[in-house]
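The sequence and structure come first.

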Amino acid sequence: MTMASCSIPLLNLSIKPAIKAALIPHYSAIKSRHCFSLPLLPSKPAKSPAIRMSYNPTPATDRLISAVAYTLPFFNSLQYGRFLFAQYPVLGLAFEPLLPILGLYRSIPHSSFIAFFAFYLGVVRNPSFSRYARFNSMQALTLDVLLVVPLLVQRILSPGQSGLGFQIMAWSHNGLFVFSVLCFLYSVVSCILGRTPHLPIVADAAGRQV
């Protein structure tokens, strides 16, 4: 073996590290260039904390007080149904179960005034009760006051027992009676369900007083 043949493997061994050393910087530059040119993937948004809905039902005590408060204008409005009761006797059968309670209510002297001030001073002006009970009590008292106004007008005008004035009085009494019964049913059912009844005209006046 000559010197030329012996030097070839040595040359190959010496070239490979030199080629590798020459190519490594270019490879590193290409690699770094591609790494910086890659688009950034959107990161997953952080999970927002779950919002828990809290449901606070109206206490049974507040619902009971509110429902009882609406019996005051209802009992005082029964006198407006006398023309309907006389014209339709069957209608009176629906109110017969209330006669014992109504009789006890009427047997107490000045029961209407006592009940009115009991709700006004004991509930409406008492901050220990919730706004739900105070609002419903005030709405019932406002309705009770409005139902007294037609009686005052009747006493002032004195329509008599016949004629056009009497007919107008009878029609107005019938309308007031139907209106008061509907308000009573709507308000009591709403209070049982824990909802706030909003009577027309009356609700705005009651809300300003609470």
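The lining of the second largest pocket holds seven nonpolar, four polar and no charged residues. Here Ala, Val, Leu, Ile, Met, Phe, Trp, Tyr, Cys and Pro count as nonpolar, Asp, Glu, Lys and Arg as charged, and the others, Gly among them, as polar. Helix 7 and helix 8 (163–192) are the elements that give two or more residues to this lining. Helix 8 gives the most, with six residues. Among the lining residues are Pro150, Val153, Gln154 and Leu157, as well as Ile168, Met169, His173 and Leu176.

The model is predicted: local features need pLDDT of at least 70, side-chain atom pairs count only at pLDDT 80 or more, and totals for chains, interfaces and linings use all residues. Residues are numbered from 1 along each chain as its sequence is written, and side-chain values use heavy atoms, with hydrogens and water left out.

The largest pocket has a volume of about 360 Å³. It has 13 lining residues, and the closest to its centre are Asn76, Ser112, Phe113, Val148 and Leu151. Two or more residues come from each of helix 6 (111–124) and helix 7 (131–157), and helix 7 supplies the largest share, seven residues.

| Pocket | Volume | Lining by class |
|---|---|---|
| Largest pocket | about 360 Å³ | seven nonpolar, three polar and three charged residues |
| Second largest pocket | about 170 Å³ | seven nonpolar, four polar and no charged residues |

A pocket is an open set of points on a 1 Å grid over the protein atoms alone, where a 1.4 Å probe fits, with protein on both sides within 12 Å along at least five of seven lines; lining residues have an atom within 4 Å of a point. Grid points are joined across faces, edges and corners, and a volume is the space filled by probe spheres set on the points.

Helix 8 also packs against other helices. The axes of helix 7 and helix 8 come within 12 Å and cross at roughly 175°, so helix 7 and helix 8 are roughly antiparallel (angles over 145 degrees). Axes are lines fitted to C-alpha atoms, for helices over the stretch in contact, and angles run from 0 to 180 degrees between N-to-C directions. The contact of helix 7 with helix 8 has nine nonpolar, five polar and no charged residues.

For helix 2 (residues 60–69) and helix 8, the axes come within 8 Å and cross at roughly 175°. Helix 2 and helix 8 are therefore roughly antiparallel as well. Arg63, Ser66 and Ala67 of helix 2 meet Val188, Cys191 and Ile192 of helix 8.

Asparagine 174, in helix 8, counts as buried because its relative accessibility is 15%. Leaving aside its neighbours within four places in sequence, asparagine 174 is in contact with Tyr80, Phe83 and Leu84.

The chain has nine helices and zero strands; helices (H or I, at least four residues) and strands (E, at least two) are DSSP runs, numbered from the N terminus. Of its 210 residues, 29% count as buried.

Technical notes
Parallel < 35°, antiparallel > 145°, perpendicular 65-115°, else oblique. Contact = heavy atoms within 4.5 Å. Buried < 20%, exposed > 50% of the residue type's maximum accessible area, 1.4 Å probe, protein only.
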